[in-house]
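This briefing goes through one protein chain by topic. Please keep the sequence and the coordinates at hand while reading.

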Amino acid sequence: MKKLTAALKLLTASTIGFGIISSASVASAASLVPNQEGEVSLLGLGCRSSLNCIHTTSLHPVGYTVESFGFSAADGTKYGKSLLFVDDRSTPQEFTVNGFGVKFLAEDEGTNPALGQKWFRPMAVNRSGRPVENGRLEVGLFEFVFQSVIDKLELTFFDVEDPGTLISNLNGNLSNILTTPGDNGNLQTVTLTNVKSFKVQLGSPKTSTFPRTGDGVNLQLTKVPEPGTVFSLGALAIGGVVAAGKRKRVSAN
Ligand SMILES: [Ca+2]
Ligand SMILES: [Ca+2]
Ligand SMILES: [Ca+2]
């Protein structure tokens with residue numbers, strides 16, 4: 001019985017320790033999504049909409065450039081260079097892109113992140129620059145290049161429902177880091193280390209689940225603290241709690 005109690009205390013101590021580890025990571029993690037809605041100025045393209053144009057090269061804690069690339073659907077349909085927006089679904093917006101009227105709705109046809117959160121939101125366009133699906137097909141191929149190497153970077157994908165969303169290049173080398181298709185509204189995170197650049201395909205056009213339109217996907221980027229720092233904090237916390245538990249046991253005997 002005594003042994004069981006000790007084991008339970010140790011288990012509790014470890015649980016508390018891990019709780020502290022995760023809150024420490026949350027406390028010092030920094031979102032790299034600009035903290036304002038608008039269009040992200042793309043390398044070589046600038047901004048193409050009537051929304052606020054966001055320049056990402058001078059952002060804190062690290063600036064970066066974003067370049068957009070054309071891509072093709074499985075049936076051969078070619079798309080132009082998607083635009084990229086920062087969007088919070090709780091504020092619907094009406095604007096123009098290359099002269100075409102677009103609306104970001106409070107309730108999108110298929111891709112609805114939690115209200116009050118800011119996400120990178122791609123907008124697929126055809127080869128003449130006309131927004132596809134009224135500007136509400138969240139598909140694009142982008143390369144992010146950071147001004148300094150990021151020790152640990154989390155990519156959070158929202159709403160991958162079909163294959164095709166992947167990281168195809170990391171630090172200038174071809175890669176094939178896949179996401180896993182899930183239920184409507186699912187979230188998944190990929191963690192990369194020592195990142196100077198990556199290329200990501202967000203969503204895909206004309207998929208098996210959505211043959212007419214495509215699978216829209218949004219992205220968040222988070223710079224998380226170096227594992228070493230977080231670990232030592234957590235280890236200290238675990239040590240402290242276990243020591244406290246030991247002292248208690250001694251006095252109870
Ligand atoms: Ca909005
Ligand atoms: Ca969906
Ligand atoms: Ca959509």
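The structure is a predicted model, in which local features need pLDDT of at least 70, side-chain atom pairs count only at pLDDT 80 or more, and totals for chains, interfaces and linings use all residues. Residues are numbered from 1 along each chain as its sequence is written, while chains are lettered from A and ligands numbered from 1 in the order in which they are written. The chain has two helices and 17 strands; these are DSSP runs numbered from the N terminus, with helices being H or I of at least four residues and strands E of at least two.

**Overall make-up**

- Of the chain's 253 residues, 28% count as buried. A residue is buried if 20 or more other C-beta atoms lie within 10 Å of its own, exposed if 12 or fewer, and partly exposed in between, with C-beta atoms placed from the backbone.
- Contacts between residues at least 6 apart in sequence join residues at least 24 apart in 71% of cases. Two residues are in contact if their C-beta atoms, placed from the backbone, lie within 7 Å.

**Confidence**

- The mean pLDDT of the chain is 86, and 79% of its residues reach 70 or more. pLDDT is the predictor's confidence in each residue, from 0 to 100.
- Residues 10-21 have pLDDT below 50, and this stretch has 17 contacts in the model beyond near neighbours in sequence.
- Over residues 238-253 pLDDT also stays under 50, and the model has 11 contacts for them beyond four places in sequence.
- Where pLDDT is low, the predicted coordinates should not be read in detail.

**Strand pairing**

- Strand β7 (residues 83-87) runs antiparallel to β10 and is joined to it by five bridges. Two strands pair if DSSP finds at least two bridges between them.
- Within this pair, D87 has W119 of β10 as its bridge partner.
- β10 spans residues 119-123, and five of its five residues are buried.
- Cover is found on both faces of β10: W119, R121 and M123 are buried on one side, F120 and P122 on the other. In a regular strand the side chains alternate between the two faces of the sheet.
- β11 (residues 140-158) and β14 (residues 187-202) are antiparallel partners with 14 bridges. L155 stands opposite V190 of β14.
- β14 also pairs with β12 (residues 166-170), in the antiparallel sense over four bridges. Here N169 has K199 of β14 as its bridge partner.

**Nonpolar core**

- The largest nonpolar core has 34 residues, and L84 and L219 have the most contacts inside it. Such a core is a set of buried Ala, Val, Leu, Ile, Met, Phe, Trp, Tyr and Cys residues joined through C-beta atoms within 7 Å.
- At least two residues of this core come from each of β7, β10, β11, β14 and β17 (218-223). β11 gives the most, with eight residues.
- Beyond four places in sequence, L219 touches W119, F120, L155, T156, F157, V200 and L202.

**Loop residues and their contacts**

- P34 sits in the loop between β1 (30-31) and β2, and it counts as partly exposed because it has 16 C-beta neighbours inside 10 Å.
- Leaving aside residues within four places in sequence, P34 is in contact with I54, T56, L59 and V86. P34 and I54 are 20 residues apart along the chain, with 7.8 Å between their C-alpha atoms.
- S50 lies in the loop between β2 (38-40) and β3 (53-54), and its 15 C-beta neighbours inside 10 Å make it partly exposed.
- F95 and T96 are touched by S50, not counting residues up to four places away in sequence. The C-alpha atoms of S50 and G101 are 9.8 Å apart, across 51 residues of sequence.

**Backbone geometry**

- Most residues other than glycine have a negative phi, and most peptide bonds are trans.
- The peptide bond joining H60 and P61 is cis, with omega about 0 degrees. P61 is in the loop between β3 and β4 (64-69).
- N134, not a glycine, has a positive phi of about 55 degrees. N134 is in the loop between β10 and β11 and has 13 C-beta neighbours inside 10 Å, so it counts as partly exposed.
- K206, also a residue other than glycine, has a positive phi near 45 degrees. K206 is in the loop between β15 (204-205) and β16 (214-215), and with 19 C-beta neighbours inside 10 Å it counts as partly exposed.
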